Amino acid sequence: MLFKKGAEANLYLETWYGKKIIRKYRYKKAYRIEELDFQLRRSRTFHEAKLLLEARKIGVPTPFIYMIDVKNTSIYMDYIEGNQLKKDMNHLINKNLICEKVGEKIGLLHSNDIIHGDLTTSNIIIAKNGIIYFIDFGLGGFSSSLEDKGVDLHLIKKALESTHYKFADECFDAILTGYKRIVGAEFLQNIKVKITEIESRGRYFQR
Ligand SMILES: Nc1ncnc2c1ncn2[C@@H]1O[C@H](COP(=O)(O)OP(=O)(O)O)[C@@H](O)[C@H]1O
Ligand SMILES: [Mg+2]
């Protein structure tokens with residue numbers, strides 16, 4: 001059953017050996033040369049699976065992967081029953097606590113030099129059991145640069161501002177509180193300066 005359609009992949013909710021699973025299938029793009037298109041989809045499939053596993057290894061919850069079907073550019077993973085943080089945010093009574101936890105997880109990723117690459121509230125799922133899952137690592141990578149980490153945080157700040165403007169500031173502060181717990185006060189200070197720099201650059205480009 002088609003569950004969600006995305007810009008480069010379709011998500012199918014299927015049953016696999018009696019379990020509910022999600023198959024993320026990167027589909028053909030007609031405008032690309034066929035051979036190149038397949039290479040691209042195959043490498044992104046691999047890449048995303050690798051990052052999902054690396055994140056899980058360091059204690060950031062991601063869906064468990066059952067199978068990677070390279071030929072069919074598909075990842076078979078656990079179906080996380082819950083809601084995108086984007087959808088839940090307005091109803092959460094413990095927003096700050098959740099945001100702090102989100103910040104801790106981002107801190108874990110960054111202190112292990114994992115960049116998410118598309119850190120929005122659509123790519124964070126709050127499971128029914130309360131566990132916070134990170135998904136959609138297709139644009140991610142490994143990097144130790146302050147710039148790349150700053151861009152990750154800048155992106156979630158922007159996402160909060162665009163969909164939850166009423167408590168965006170409060171939530172982002174809570175995210176940084178959790179983040180600091182993992183990365184320490186000195187790194188937090190450096191990344192804050194970086195985020196301000198990224199923001200001022202953005203304003204410059206908008207003119
Ligand atoms: N393992 C999963 N369990 C539950 N929902 C998922 C899972 N993977 C993806 N989704 C849902 O599908 C949406 C799109 O998946 P995502 O991996 O983010 O692809 P895209 O690159 O198209 O954004 C997510 O925002 C989420 O709502
Ligand atoms: Mg997504």
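**Close-up views of a predicted model**

**View 1. Helices α4 and α5.** The axes of α4 (residues 146–163) and α5 (residues 168–183) come within 9 Å and cross at roughly 155°. Axes are lines fitted to C-alpha atoms over the stretch in contact, with angles from 0 to 180 degrees between N-to-C directions. Helices (H or I, at least four residues) and strands (E, at least two) are DSSP runs, numbered from the N terminus. The two helices are therefore roughly antiparallel (angle over 145 degrees). Ile156, Lys157, Leu160 and Glu161 of α4 meet Ala168, Cys171, Phe172 and Ile175 of α5; contact means C-beta atoms, placed from the backbone, within 7 Å. This contact has six nonpolar, no polar and two charged residues. Ala, Val, Leu, Ile, Met, Phe, Trp, Tyr, Cys and Pro count as nonpolar, Asp, Glu, Lys and Arg as charged, and the others, Gly among them, as polar.

The model is predicted: local features need pLDDT of at least 70, side-chain atom pairs 80 or more, while totals for chains, interfaces and linings use all residues. Residues are numbered from 1 along each chain as its sequence is written, with chains lettered from A and ligands numbered from 1 in the order written.

**View 2. The shell around ligand 1.** Gly6, Ile22, Pro63, Ile80 and Asp136 come nearest among 19 residues around ligand 1 (C-beta atom, placed from the backbone, within 6 Å). β2 (9–16), β3 (19–26) and β5 (74–78) each give two or more residues. Ten shell residues are nonpolar, five polar and four charged.

**View 3. Two domains.** The domain assignment gives domain 1 (2–78) and domain 2 (82–206); bounds come from an automatic or database assignment. Their C-alpha centres lie 23 Å apart. 13 residues of domain 1 contact 13 of domain 2.

How values were computed. Angles under 35 degrees count as roughly parallel, over 145 as roughly antiparallel, 65 to 115 as roughly perpendicular and the rest as oblique. Two residues are in contact if their C-beta atoms, placed from the backbone, lie within 7 Å.
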